[in-house]
Amino acid sequence: MQPTQLELKGLHLPEALSWWPPAWGWWLVAVAAVLVPALLFAWYRRLTRQTAVKTAKKLLAALKQNPDLDNGQKLRELSVLLRRVAISIAPDPSQVAGLTGARWLAFLDQGLPDAPFNLGVGAALADGPYRRSVLGDAQIAQLFTLCEAWLKDCVPAYRRAKRQKKSL
């Protein structure tokens, strides 16, 4: 007896690999490519925002302790510092940059009780550089205390307003 020969079929190649759907690793890479830059950007903005206020507080303390400046120079430097901080935290910086006089003091009074900039020692920020008489040491000390309170209390309020404006 002769062994039977089996009829063999030809080679069958598998189907070509499809590019869709990608493997789960590629999904992770795609999500990371979107999330990592967004998180880095948010972290950078948070870091610089906190740094601006911390820097302003340090500059205020250095200005307060600087014995080389007279009270008139301290007043001018204090006014510049407050304006820089206000522009950086305001919901609309272009409107804050142009404020002068009573409108500037009203902006600083937002969020503070008793309007200490308009009605108190803070009024010196508007007309101090134009006065003939310089503020006394006690008035400068009160003004520094007022500015420290403004940095502490009002900066977070302006930030909240800025975030609310962006969300609208």
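Q: Which residues touch the most other members of the largest nonpolar core?
A: Trp104, Phe117, Leu125 and Trp150 do, in a core of 30 residues (buried Ala, Val, Leu, Ile, Met, Phe, Trp, Tyr and Cys joined through side-chain atoms within 4.5 Å). Two or more residues come from each of H1, helix H2 (71-89), helix H4 (101-109), helix H5 (124-127) and H6 (helices are DSSP runs of H or I, at least four residues, numbered from the N terminus). H6 gives the most, with 8 residues. The model is predicted: local features need pLDDT of at least 70 and side-chain atom pairs pLDDT 80 or more, whereas totals for chains, interfaces and linings use all residues. Residues are numbered from 1 along each chain as its sequence is written, and side-chain values use heavy atoms, leaving out hydrogens and water.

Q: What does Phe117 contact, leaving aside its neighbours within four places in sequence?
A: Its contacts (heavy atoms within 4.5 Å) include Leu82, Leu105, Leu108, Leu125, Leu146 and Trp150.

Q: What kind of pair do the rings of Trp104 and Phe107 make?
A: Their centres are 6.1 Å apart and their planes lie at 15°. Rings of Phe, Tyr and Trp (its six-membered ring) pair if their centres lie within 6.5 Å; planes under 30 degrees apart count as stacked, over 60 as edge-to-face and the rest as tilted. The pair is therefore stacked. Both residues lie in helix H4, 3 residues apart, about one turn of the helix.

Q: How many aromatic pairs does a search of the whole structure find?
A: The search finds 3 aromatic pairs. In one of them, Trp20 and Trp27 have ring centres 5.7 Å apart and planes at 70°, so this pair is edge-to-face. Trp20, at 48% relative accessibility, counts as partly exposed, and Trp27, at 43%, does as well. Trp19, Trp20 and Trp27 form one aromatic cluster.

Q: What makes the contact of Lys64 and Glu148 a salt bridge?
A: The N to O distance is 3.5 Å. A salt bridge needs a side-chain nitrogen of Lys or Arg within 4 Å of a carboxyl oxygen of Asp or Glu, so the pair qualifies. Lys64 in helix H1 and Glu148 in helix H6 (residues 137-167) are 84 residues apart, and their pair links distant parts of the chain. The whole structure has 1 salt bridge.

Note on methods: Buried means under 20% relative accessible area, exposed over 50%, partly exposed in between (1.4 Å probe, protein chains only).
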